[in-house]
Amino acid sequence: MSCSSLAKGDSYSGRLQDLGQILFRRYPKTAGCHGRYSARAVVRDTPFDQNHLVIRKRLQRHDAPGTARFLTFSCYQRYPLFGNDAIKAEFVDRLERVSTELAVAVLAWVIMPNHIHLIVFSETTAIDDYLHKLKGPFSQFVLRRWRALGAPILHRLQTPDGHRFWQAGGGYDRNVMGEELLEKVRYCHNNPVKHGLADTTVDWPWSSARRYDERDDALGPAIAFDLVPRSRRWFT
Ligand code: NI
(Lines give C-alpha, C1' and ligand atoms only; values in the text may rest on other atoms or scores of the structure.)
Protein backbone atom coordinates (compact mmCIF):
# COMPACT_ATOMS: atom_id res chain seq x y z
CA MET A 1 0.00 0.00 0.00
CA SER A 2 1.36 3.38 -0.91
CA CYS A 3 0.99 6.72 0.78
CA SER A 4 -1.38 7.83 -1.96
CA SER A 5 -4.24 6.01 -0.26
CA LEU A 6 -3.89 8.30 2.73
CA ALA A 7 -5.84 11.50 2.93
CA LYS A 8 -2.65 13.48 3.45
CA GLY A 9 0.07 11.48 1.83
CA ASP A 10 2.59 14.29 2.09
CA SER A 11 2.39 14.53 5.84
CA TYR A 12 2.71 10.77 6.15
CA SER A 13 5.96 10.68 4.25
CA GLY A 14 7.12 13.75 6.17
CA ARG A 15 6.59 11.82 9.38
CA LEU A 16 8.68 8.96 8.10
CA GLN A 17 11.47 11.40 7.30
CA ASP A 18 11.34 12.66 10.86
CA LEU A 19 11.64 9.18 12.26
CA GLY A 20 14.65 8.28 10.21
CA GLN A 21 16.23 11.58 11.10
CA ILE A 22 15.70 11.14 14.82
CA LEU A 23 17.71 7.97 14.88
CA PHE A 24 20.27 9.13 12.35
CA ARG A 25 21.09 12.34 14.22
CA ARG A 26 21.47 10.69 17.56
CA TYR A 27 23.34 7.63 16.44
CA PRO A 28 24.98 8.40 13.12
CA LYS A 29 27.36 5.46 13.37
CA THR A 30 24.55 2.97 13.58
CA ALA A 31 22.19 4.54 11.07
CA GLY A 32 21.66 2.35 8.09
CA CYS A 33 22.89 -0.67 9.99
CA HIS A 34 20.44 -3.49 9.51
CA GLY A 35 19.86 -6.28 11.94
CA ARG A 36 21.41 -6.47 15.36
CA TYR A 37 23.79 -3.79 16.43
CA SER A 38 26.68 -4.71 18.66
CA ALA A 39 25.49 -4.11 22.20
CA ARG A 40 29.06 -4.26 23.49
CA ALA A 41 30.02 -1.14 21.60
CA VAL A 42 27.11 0.71 23.15
CA VAL A 43 27.83 -0.50 26.65
CA ARG A 44 31.42 0.79 26.48
CA ASP A 45 30.01 4.28 26.03
CA THR A 46 27.52 3.95 28.85
CA PRO A 47 28.56 5.74 32.06
CA PHE A 48 29.38 3.28 34.80
CA ASP A 49 26.92 2.97 37.64
CA GLN A 50 25.88 0.30 40.08
CA ASN A 51 23.42 -1.15 37.60
CA HIS A 52 26.10 -1.44 35.01
CA LEU A 53 26.40 -5.20 35.11
CA VAL A 54 22.69 -5.73 35.04
CA ILE A 55 22.31 -3.38 32.12
CA ARG A 56 25.16 -5.03 30.33
CA LYS A 57 23.67 -8.48 30.69
CA ARG A 58 20.36 -7.33 29.32
CA LEU A 59 21.95 -5.49 26.47
CA GLN A 60 23.88 -8.50 25.39
CA ARG A 61 20.72 -10.52 25.22
CA HIS A 62 18.35 -8.07 23.61
CA ASP A 63 18.74 -4.37 23.81
CA ALA A 64 20.79 -2.06 21.67
CA PRO A 65 20.22 1.57 22.62
CA GLY A 66 20.11 3.82 19.62
CA THR A 67 18.15 1.42 17.52
CA ALA A 68 14.42 1.11 17.44
CA ARG A 69 12.88 -2.23 18.29
CA PHE A 70 10.28 -3.88 16.14
CA LEU A 71 8.22 -6.15 18.38
CA THR A 72 5.48 -8.61 17.60
CA PHE A 73 3.52 -10.50 20.20
CA SER A 74 0.55 -12.80 19.78
CA CYS A 75 -2.48 -13.95 21.65
CA TYR A 76 -2.47 -17.43 23.13
CA GLN A 77 -2.84 -20.01 20.37
CA ARG A 78 -3.43 -17.10 17.98
CA TYR A 79 -7.00 -16.76 19.23
CA PRO A 80 -8.48 -13.38 18.20
CA LEU A 81 -8.63 -12.08 21.77
CA PHE A 82 -8.54 -8.46 20.57
CA GLY A 83 -11.80 -8.89 18.67
CA ASN A 84 -13.65 -6.61 21.09
CA ASP A 85 -13.06 -2.87 20.72
CA ALA A 86 -13.20 -2.30 24.48
CA ILE A 87 -10.20 -4.60 24.83
CA LYS A 88 -8.35 -2.78 22.09
CA ALA A 89 -9.09 0.52 23.81
CA GLU A 90 -7.83 -0.83 27.12
CA PHE A 91 -4.57 -1.87 25.51
CA VAL A 92 -4.14 1.51 23.78
CA ASP A 93 -4.63 3.29 27.13
CA ARG A 94 -2.00 1.17 28.77
CA LEU A 95 0.37 1.52 25.84
CA GLU A 96 0.22 5.26 26.29
CA ARG A 97 0.55 5.18 30.06
CA VAL A 98 3.33 2.60 30.38
CA SER A 99 5.36 4.14 27.57
CA THR A 100 5.20 7.54 29.25
CA GLU A 101 6.07 6.12 32.67
CA LEU A 102 9.10 4.25 31.39
CA ALA A 103 10.29 6.92 28.94
CA VAL A 104 9.81 4.67 25.97
CA ALA A 105 9.04 6.48 22.72
CA VAL A 106 6.45 4.74 20.60
CA LEU A 107 7.25 5.07 16.91
CA ALA A 108 4.44 2.95 15.50
CA TRP A 109 1.89 0.39 16.63
CA VAL A 110 -1.03 -1.65 15.39
CA ILE A 111 -3.50 -3.90 17.14
CA MET A 112 -4.63 -6.83 15.03
CA PRO A 113 -7.30 -9.28 16.23
CA ASN A 114 -4.73 -11.83 17.36
CA HIS A 115 -1.41 -10.02 17.55
CA ILE A 116 0.29 -6.68 18.05
CA HIS A 117 3.11 -4.97 16.23
CA LEU A 118 4.97 -2.24 18.03
CA ILE A 119 8.02 -0.15 17.24
CA VAL A 120 9.63 1.54 20.22
CA PHE A 121 12.76 3.44 21.09
CA SER A 122 14.35 4.07 24.47
CA GLU A 123 17.73 5.28 25.60
CA THR A 124 17.24 4.14 29.16
CA THR A 125 14.67 1.40 29.61
CA ALA A 126 15.29 -2.30 29.01
CA ILE A 127 12.70 -3.58 26.58
CA ASP A 128 12.15 -6.69 28.67
CA ASP A 129 11.01 -4.52 31.57
CA TYR A 130 8.83 -2.44 29.33
CA LEU A 131 7.11 -5.47 27.79
CA HIS A 132 6.64 -7.02 31.21
CA LYS A 133 4.85 -3.94 32.49
CA LEU A 134 2.84 -3.52 29.32
CA LYS A 135 1.68 -7.09 28.82
CA GLY A 136 1.39 -8.50 32.35
CA PRO A 137 -1.04 -6.14 34.08
CA PHE A 138 -3.09 -5.85 30.89
CA SER A 139 -3.64 -9.58 30.60
CA GLN A 140 -4.43 -9.87 34.31
CA PHE A 141 -7.00 -7.12 33.93
CA VAL A 142 -8.69 -8.71 30.93
CA LEU A 143 -8.71 -12.21 32.40
CA ARG A 144 -10.18 -10.86 35.64
CA ARG A 145 -12.98 -9.22 33.68
CA TRP A 146 -13.65 -12.37 31.70
CA ARG A 147 -13.76 -14.42 34.89
CA ALA A 148 -16.24 -11.98 36.41
CA LEU A 149 -18.40 -12.24 33.31
CA GLY A 150 -17.98 -16.02 32.99
CA ALA A 151 -16.78 -15.52 29.42
CA PRO A 152 -16.85 -18.78 27.42
CA ILE A 153 -13.47 -18.03 25.84
CA LEU A 154 -11.83 -18.85 29.19
CA HIS A 155 -12.20 -22.58 28.53
CA ARG A 156 -9.83 -22.24 25.62
CA LEU A 157 -7.32 -20.23 27.58
CA GLN A 158 -7.05 -22.72 30.42
CA THR A 159 -3.61 -24.23 31.06
CA PRO A 160 -2.24 -26.14 34.06
CA ASP A 161 -0.84 -22.79 35.25
CA GLY A 162 -4.11 -20.91 34.92
CA HIS A 163 -5.56 -18.85 32.13
CA ARG A 164 -3.24 -17.44 29.50
CA PHE A 165 -3.79 -14.37 27.36
CA TRP A 166 -0.43 -14.08 25.59
CA GLN A 167 1.39 -16.68 23.62
CA ALA A 168 4.51 -17.64 25.55
CA GLY A 169 7.91 -16.76 24.18
CA GLY A 170 9.41 -13.60 22.85
CA GLY A 171 7.76 -13.56 19.45
CA TYR A 172 9.33 -11.76 16.56
CA ASP A 173 11.71 -9.13 17.78
CA ARG A 174 14.50 -7.25 16.04
CA ASN A 175 16.38 -3.98 16.00
CA VAL A 176 15.60 -1.72 13.09
CA MET A 177 17.36 1.35 11.78
CA GLY A 178 17.20 3.69 8.85
CA GLU A 179 15.24 2.52 5.87
CA GLU A 180 14.31 -0.75 7.47
CA LEU A 181 12.67 1.19 10.28
CA LEU A 182 10.60 3.16 7.81
CA GLU A 183 9.67 -0.04 6.03
CA LYS A 184 8.48 -1.54 9.34
CA VAL A 185 6.40 1.54 10.15
CA ARG A 186 4.65 1.10 6.84
CA TYR A 187 4.32 -2.60 7.50
CA CYS A 188 2.53 -1.92 10.80
CA HIS A 189 0.11 0.54 9.29
CA ASN A 190 -0.58 -1.64 6.28
CA ASN A 191 -1.27 -4.80 8.28
CA PRO A 192 -5.06 -4.28 8.64
CA VAL A 193 -5.31 -3.49 4.92
CA LYS A 194 -3.35 -6.59 3.99
CA HIS A 195 -5.67 -8.73 6.10
CA GLY A 196 -8.84 -7.17 4.71
CA LEU A 197 -9.84 -5.38 7.92
CA ALA A 198 -9.74 -1.91 6.37
CA ASP A 199 -9.63 -0.33 2.92
CA THR A 200 -6.84 2.11 3.76
CA THR A 201 -4.44 2.43 6.67
CA VAL A 202 -6.31 5.34 8.25
CA ASP A 203 -9.60 3.44 8.14
CA TRP A 204 -8.23 1.24 10.94
CA PRO A 205 -8.40 3.30 14.14
CA TRP A 206 -6.28 0.83 16.09
CA SER A 207 -2.90 1.86 14.82
CA SER A 208 -0.66 4.93 14.70
CA ALA A 209 -1.52 5.58 11.03
CA ARG A 210 -3.88 8.39 11.99
CA ARG A 211 -1.19 10.06 14.09
CA TYR A 212 1.10 10.06 11.07
CA ASP A 213 -1.74 11.55 9.10
CA GLU A 214 -2.24 14.24 11.78
CA ARG A 215 -5.87 13.37 12.28
CA ASP A 216 -7.82 14.71 15.23
CA ASP A 217 -9.41 11.32 15.81
CA ALA A 218 -6.07 9.55 16.24
CA LEU A 219 -5.88 7.22 19.25
CA GLY A 220 -3.00 6.24 21.46
CA PRO A 221 0.34 7.71 22.41
CA ALA A 222 1.83 10.75 20.75
CA ILE A 223 4.55 9.80 18.32
CA ALA A 224 7.87 11.50 19.10
CA PHE A 225 8.14 13.27 15.76
CA ASP A 226 9.70 16.45 17.09
CA LEU A 227 12.77 15.15 18.87
CA VAL A 228 14.93 16.64 16.16
CA PRO A 229 14.35 19.07 13.33
CA ARG A 230 12.97 17.50 10.27
CA SER A 231 15.09 16.81 7.24
CA ARG A 232 13.75 16.83 3.73
CA ARG A 233 16.66 14.84 2.49
CA TRP A 234 16.57 11.85 4.74
CA PHE A 235 14.00 9.81 2.92
CA THR A 236 13.49 10.47 -0.74
NI1 NI B 1 0.92 -8.78 11.43
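This is a short tour of a predicted model, stop by stop. Local features here need pLDDT of at least 70 and side-chain atom pairs count only at pLDDT 80 or more, while totals for chains, interfaces and linings use all residues. Residues are numbered from 1 along each chain as its sequence is written.

**Stop one: the core.** Select A68, V106, L107, I119 and V120. Of the 37 residues in the largest nonpolar core, these touch the most other members. (Such a core is a set of buried Ala, Val, Leu, Ile, Met, Phe, Trp, Tyr and Cys residues joined through C-beta atoms within 7 Å; buried means 20 or more other C-beta atoms within 10 Å of the residue's own, exposed means 12 or fewer, partly exposed is in between, and C-beta atoms are placed from the backbone.) Now colour β2 (105-111), which gives this core its largest share, 7 residues. Helices (H or I, at least four residues) and strands (E, at least two) are DSSP runs, numbered from the N terminus.

**Stop two: L102.** Step back to the loop between α4 (85-101) and β2, where you will find L102. Is L102 buried or partly exposed? L102 counts as partly exposed because it has 17 C-beta neighbours inside 10 Å.

**Stop three: helix α7.** Select residues 178-194. Look for a kink of about 35 degrees at C188, shortly before the proline P192; the bend is the angle between axes fitted to the seven residues ending there and the seven starting there. Buried residues of α7 include L181, V185 and C188.

Notes: The expected span of a helix is 1.5 Å times one less than its number of residues.
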